Amino acid sequence: LFIGVMLERKGLLWLAVLITLWVSSNAQDGNKEEETAFDLLQVSNINRKTIGAKVFRGPDPTAPAYRFIRFDHIPPCRPEKLKKIVKLIQQNEGFILSATLRQDRQSRGTVLALEGPGIGERQFEIISNGRANTLDLIYWVDGFQNMISLEDVDLADSQWKNLTVQITGENYNLYVGCDLIDSFILEEPFYEQLKAENSRLYVAKGSTRENHFRGLLQNIQLIFDTSIEDILRKKGCQRSQSTEVNTINESTEILHLSPAVTTEYVGEKPEKAEFCDRSCEELGSMFTELTGLRIVVNNLADNLQKVSEENQIMWELIGPNKTLKNQPVCWQDGRVFADNESWIVDSCTKCICQDSKIVCNQITCPAVSCADPAFVEGECCPVCSHSDISEEGWSPWSDWTKCSVTCGSGTQMRGRSCDVTRSACTGPHIQTRMCSFKKCDHRIRQDGGWSHWSPWSSCSVTCGVGNITRIRLCNSPIPQMGGKNCVGNGRETEKCEKVPCPVNGQWGPWSPWSACTVTCGGGIRERSRLCNSPEPQYGGKPCVGDSRQHDMCNKKDCPIDGCLSNPCFPGAECNSYPDGSWSCGACPTGYLGNGTVCEDLDECIAVSDVCFKVNQVHRCVNTNPGFHCLPCPPRYKGSQPYGVGLEVAKTEKQV
């Protein structure tokens with residue numbers, strides 16, 4: 001009975017395994033068929049184990065957000081996935097990029113880039129330029145760089161933004177949340193020339209160190225076979241709503257950036273400063289330089305401290321005292337930890353050194369006492385917000401008092417009372433907050449003055465002749481209280497000259513036709529042309545097509561000539577007649593016959609005494625045609641005649 005039960009359990013176990021494998025196989029097949037969206041963090045194998053990738057909590061609690069600090073360790077998209085992505089880009093005539101990001105203020109960084117196929121080459125990249133407040137699309141076609149910028153995008157402000165970039169057909173559009181921020185018409189479909197072979201697709205990695213993305217990235221996807229309306233609808237956007245939802249004015253309290261990401265401004269927004277005692281550009285540049293210098297000095301100090309600590313540790317390991325010799329230690333990210341020492345890797349991971357091995361575990365969060373805990377960025381465990389503090393025994397808060405000032409910054413207060421008969425009342429009984437009205441006006445009348453000229457812009461063209469521009473502002477100082485405006489132009493333009501642009505070759509006109517090779521019966525004539533209108537120059541393309549043409553000519557039939565077949569004996573005259581008949585004249589000298597057939601005439605026989613005889617032997621040699629006599633024998637002296645024909649033999653005899 002026991003054996004039967006065991007066999008039955010084993011059979012059920014194998015059946016469960018087979019069903020699981022079948023379901024998994026079908027699910028994978030379905031995913032392959034319906035793969036129209038690619039999570040770029042997943043297909044690039046980016047996770048909490050990736051070197052230099054720090055994990056944070058973003059707006060979407062179901063997915064991790066990453067900040068990269070070691071960009072040389074960012075892995076590219078897997079090659080097999082990249083081939084599918086490039087194929088879908090070309091089939092769909094573009095792509096849609098969806099991402100949630102929080103970019104560091106005033107930073108410039110690459111969101112997505114396709115490198116290759118050569119070393120140092122790039123096919124396209126999307127850059128969020130916080131300094132210029134643009135989203136730049138840069139692509140290369142035939143070795144030339146092209147850049148299109150969408151303006152006033154407000155991405156690099158250290159706030160979470162949900163953005164959707166549409167590059168399909170001729171459209172280059174940017175949506176932040178549910179709103180269309182800017183759009184542009186593409187002049188050429190660069191995506192048709194993208195190549196996956198020997199190429200690499202990166203997230204957040206720029207071409208140079210200054211172009212790496214600084215900030216947090218979450219849910220960055222490439223989407224195909226889906227309309228932009230459907231994507232926005234899935235994000236909770238109602239396309240029928242007017243754009244007035246995001247209109248900002250003095251009474252705005254909440255600015256809706258997206259359905260999943262909101263930024264709240266409580267109270268009245270202070271107005272921009274309208275006056276500076278000195279040039280605002282000069283002050284801003286000075287503070288920016290001081291801030292950057294402070295950051296550089298702090299980084300240098302930190303790095304120097306780390307190097308000093310590492311040198312001290314190495315000295316203890318290999319120095320003459322060798323205080324750490326044979327002691328178990330652990331190394332991680334350039335830091336050394338003693339045996340049984342613990343440390344926090346990120347907000348949710350705690351590690352300990354055990355016998356020179358690093359053992360890491362996820363932090364276990366303690367129980368919370370509130371009903372609706374919240375997550376704080378950089379913290380792993382949920383915490384109770386201040387609103388969850390017990391309100392038992394307190395009266396409702398009073399209204400806020402009037403602001404303590406009528407201009408500039410002041411304070412407001414409100415209070416509440418405690419019923420001590422009911423509760424001990426935990427918490428404050430008075431709250432204070434800042435309030436701000438428009439800036440106090442301490443201005444005096446002054447005329448406007450020009451600022452310094454800006455540096456010259458880059459040339460407007462990459463080849464040929466273009467323009468460079470520089471500007472200046474009437475803000476040193478700004479005219480106010482009826483003061484005069486600046487006199488002169490605020491913009492200057494000059495010509496700039498780059499390398500000559502490539503000139504493609506064009507064909508010149510055809511030459512006249514040559515003479516025909518025959519006068520009848522069909523011949524050939526030709527003509528030619530030169531690639532010189534203009535010639536290809538500066539790397540331009542050569543002319544396309546043939547430089548020569550041939551044509552049939554004189555196709556009419558030739559008249560019949562009976563002598564064309566040479567019916568007569570060579571040397572005999574041939575006479576042709578219109579009906580195609582012919583006749584031959586007399587045989588040539590030295591021959592006998594009817595003109596068609598001629599035989600050699602033997603002059604030695606026909607004239608028996610043409611040559612001298614010795615012992616009755618005729619010293620004549622017949623040739624075809626003609627004859628000649630042998631030289632005179634010894635002791636004889638005389639002529640040696642030769643010639644062709646009977647008349648010559650009779651008149652030229654050997655004497």
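This is a short tour of a predicted model, stop by stop, with something to select at each one.

Residues are numbered from 1 along each chain as its sequence is written, and side-chain values use heavy atoms, with hydrogens and water left out. Because the model is predicted, local features need pLDDT of at least 70 and side-chain atom pairs count only at pLDDT 80 or more, while totals for chains, interfaces and linings use all residues.

Begin by colouring the protein chain by pLDDT, the predictor's confidence in each residue, from 0 to 100. The mean over the chain is 78, and 78% of its residues reach 70 or more. Select residues 27–33, where the pLDDT is below 50 and where the stretch has zero contacts (heavy atoms within 4.5 Å) beyond near neighbours in sequence. Then select residues 240–275, where pLDDT also stays under 50, although the model has 51 contacts beyond four places in sequence for this stretch. Where pLDDT is low, the predicted coordinates should not be read in detail.

Next, select R67 and D104, whose side chains meet in a salt bridge at 3.2 Å, N to O. A salt bridge is a side-chain nitrogen of Lys or Arg within 4 Å of a carboxyl oxygen of Asp or Glu, and the count by this rule comes to 12. R67 lies in strand 3 (residues 64–68) and D104 in the loop between strand 4 (94–103) and strand 5 (108–115), so the pair ties together parts that are 37 residues apart in sequence. Helices (H or I, at least four residues) and strands (E, at least two) are DSSP runs, numbered from the N terminus.

Move on to C330 and C353, which are joined by a disulfide with an S to S distance of 2.1 Å. A disulfide here is a pair of cysteine sulfur atoms within 2.5 Å, and the structure holds 13 of them. The link of C330 and C353 is right-handed, with 80° about the S-S bond. C330 belongs to strand 16 (residues 329–332) and C353 to strand 19 (residues 349–354), so this pair ties together parts that are 23 residues apart in sequence.

Strand 33 pairs with strand 34 (residues 627–629) over three bridges, and the bridge partner of N622 in strand 34 is F627.

How values were computed
Two strands pair if DSSP finds at least two bridges between them.
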